[in-house]
Amino acid sequence: MKRLALLALTLLLGACQSPNPYKAESRPLPPAPPGAATTFDASAYPAAPRDFARYRSWAWLDGQLPAGNNWATAEQMADMVNSGLDQHGLRPARNPGEADLKVSASLRYERRLRQYDDYGGVYYGNGPWHDQYGAWATVPIVRTYEEQVAVVHLEFYDAHDNQAVWTGSGEASANGDRSDGVAALRQAVKDALDDYPPR
């Protein structure tokens, strides 16, 4: 047994001393294309952060007001967005061609399934007094209901380079009558603008 172990060890040491078949070699780099030293590749660098403080005025993208619906006309929707933007320091441009931002607003209604836990109590036993035994337990019951929500989506574009600079969306329950729907739209616009300007 010892001879076998000694023979295996000898063979292993002999294999370690054989020459390495791999050789380190490298090929020279190909020459740079003409004009590489003077060409700036902007895609290789992150975009410079936007200075949102310089955005002061806005106009509708392509002159398009947001579409109306059965609860609010296009003019009412535009007024809601205008009011929300005003609270963030953005004023309508007197001349749309001189606006800092172009704004697009859209509205859609969606149905959502909501769930909540309804806890009901159950008592087991003879009675709640000292000489009787019993136990009280609560059992969660998951209830599901359908709700209609108003979803407002806003997009801001830099008016000078036409690049999208910010998007936001908000939603609010749209169940109820017309006055409830208008209130829901106002809330959805407010929520859509909560994160503007980005920090």
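Lysine 102 is buried (under 20% relative accessible area, with exposed meaning over 50% and partly exposed in between, for a 1.4 Å probe and protein chains only) yet has no salt bridge. A salt bridge here is a side-chain nitrogen of Lys or Arg within 4 Å of a carboxyl oxygen of Asp or Glu. The nearest side chain of opposite charge, that of aspartate 62, is 7.3 Å away; Lys and Arg count as positive and Asp and Glu as negative, while His and the chain ends are not counted. The model is a predicted one, in which local features need pLDDT of at least 70 and side-chain atom pairs count only at pLDDT 80 or more, while totals for chains, interfaces and linings use all residues. Residues are numbered from 1 along each chain as its sequence is written, and side-chain values use heavy atoms, with hydrogens and water left out.

So what does lysine 102 have around it? Lysine 102 sits in strand 3 (residues 101-125), where strands (E, at least two residues) and helices (H or I, at least four) are DSSP runs numbered from the N terminus. A polar atom of the lysine 102 side chain lies 3.1 Å from the backbone oxygen of proline 96. Leaving aside residues up to four places away in sequence, the residues that lysine 102 touches (heavy atoms within 4.5 Å) include Ala59, Trp60, Pro96 and Tyr157.

Strand 1 runs parallel to strand 2 (residues 91-92), joined by 2 bridges; strands pair if DSSP finds at least two bridges between them. Serine 57 stands opposite arginine 91 in strand 2.

As for salt bridges, the structure holds 8. One of them joins arginine 50 to aspartate 161, with the closest N and O atoms 3.0 Å apart. This pair ties together distant parts of the chain, 111 residues apart: arginine 50 is in the loop between helix 1 (2-16) and strand 1, and aspartate 161 in the loop between strand 4 (134-158) and strand 5 (164-173). Arginine 54 and aspartate 158 also meet in a salt bridge, at 2.8 Å from N to O. Arginine 54 is partly exposed because its relative accessible area is 39%, whereas aspartate 158, at 1%, counts as buried. Arg50, Arg54, Asp158 and Asp161 are linked in a network of salt bridges.

Notes: A polar contact is a pair of N or O atoms within 3.5 Å; within protein, one must be able to donate a hydrogen and the other to accept it, and residues adjacent in sequence count only if both atoms are side-chain atoms.
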